[in-house]
Amino acid sequence: MTLWYLARAAGVTALVLFTVAAALGLLAAGGRKPEQRFWLQYVHRSASATGLVLLLTHVVAVLADAHVDISTSALILPFTSGYRPFAITVGVLALYGVLLAAIVGAARGRLARSHAFTKRWRSIHVAASVGWLLSIGHSLLAGTDRGTPWMLALTLACLAAVGAAAAVRLTSRTARASTPLNLARAGRTR
């Protein structure tokens, strides 16, 4: 039972931390003051890194748990899990998205010297957003607590937090675009 509790706790906490990271990532972008942006990005990265550790703990605990039929091959071959194959595949794809963003993010400082990489960073970083969204799907499909009121409420709260952060970002982007200085700049580029 210890591995089961560990897997559940690590998975749920990783979901919450990735939600914090996603919301702060949305809020940190844009025309914020440098000190605000620094702290938002600092907590964004800290939540992401801690979420990764908990995600890896979740994966190891699930693989080690003898009560579910999930082998390491499920990490490579889709739909090979003996336990909820579709849900596990969604979780594995979420893992891939988050890991891709983490690996590229860790190398970002070194790669930032490349103009080509800088232009592609945001499109690569979208993998983290896709990974987060897939992790929401995984939590709704795979977990033993997926149908409980507390887990449904937590999942809805995660969706609401990221949705609210996205709305704030879109609203602030629209407001910045309609300022007189930005309107004048747009007129000069036409």
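Modeller: Happy to. A pocket here is an open set of points on a 1 Å grid over the protein atoms alone, with protein on both sides within 12 Å along at least five of seven lines. Please keep in mind that this is a predicted model. With that said, the second largest pocket holds about 720 Å³ of space. Its lining is made up of 37 residues, and those nearest the centre are A7, H58, V62, H138 and A142. Helices α1, α2, α3, α5 and α6 each give at least two residues to this lining, and α1 has the largest share, with eight. Sorted by class, the lining of the second largest pocket has 24 nonpolar, nine polar and four charged residues.

H138 has a relative accessible area of 17%, so it counts as buried; the cut-off for that is under 20%. Setting aside neighbours within four places in sequence, H138 contacts H58, A87, I88, V90, G91 and G143. One of these partners, H58, is also among the residues nearest the centre of the second largest pocket. Another, A87, belongs to a nonpolar core, and I will come to that below.

At least two lining residues come from each of α1 (2–28), α2 (34–64), α3 (85–106), α5 and α6 (149–177). Here α5 gives the most, with eight residues. The lining of the largest pocket has 17 nonpolar, eight polar and five charged residues.

What about the packing of the side chains? In soluble globular proteins, nonpolar side chains tend to be buried together. In this model the largest nonpolar core has 13 residues, and L15, F18, L55, V98, W132, I136 and C158 touch the most other members. Helices α1, α2, α3, α5 and α6 each supply at least two residues of this core. A second, separate core has ten residues, among them A61, I70, A87 and V92.

With 51% relative accessibility, F79 counts as exposed. R84 is found in the loop between α2 and α3 as well, and it has a positive phi near 40° without being a glycine. R84 counts as partly exposed, at 30% relative accessibility.

Finally, the whole chain. It has seven helices and zero strands, and its C-alpha trace spans about 65 × 40 × 30 Å along the principal axes. Of its 190 residues, 31% count as buried. Among contacts between residues at least 6 apart in sequence, 63% join residues at least 24 apart. The accessible surface of the chain is about 11400 Å², and 70% of it belongs to carbon and sulfur atoms.

Methods. Residues numbered from 1 in each chain as written. Predicted model: local features only at pLDDT ≥ 70, side-chain atom pairs only at ≥ 80, totals over all residues. Heavy atoms only, no water. Buried < 20%, exposed > 50% of the residue type's maximum accessible area, 1.4 Å probe, protein only. Contact = heavy atoms within 4.5 Å. Helix = DSSP H or I, 4+ residues; strand = E, 2+ residues; numbered from the N terminus. Nonpolar A, V, L, I, M, F, W, Y, C, P; charged D, E, K, R; others polar. 1 Å grid on protein atoms, 1.4 Å probe; cavity = no way out; pocket = protein on both sides within 12 Å on 5 of 7 lines; lining within 4 Å. Points joined across faces, edges and corners; volume = space filled by probe spheres on them. Core = buried A, V, L, I, M, F, W, Y, C linked by side-chain atoms within 4.5 Å. Areas by Shrake-Rupley, 256 points an atom, 1.4 Å probe, with all protein chains shown as cover.
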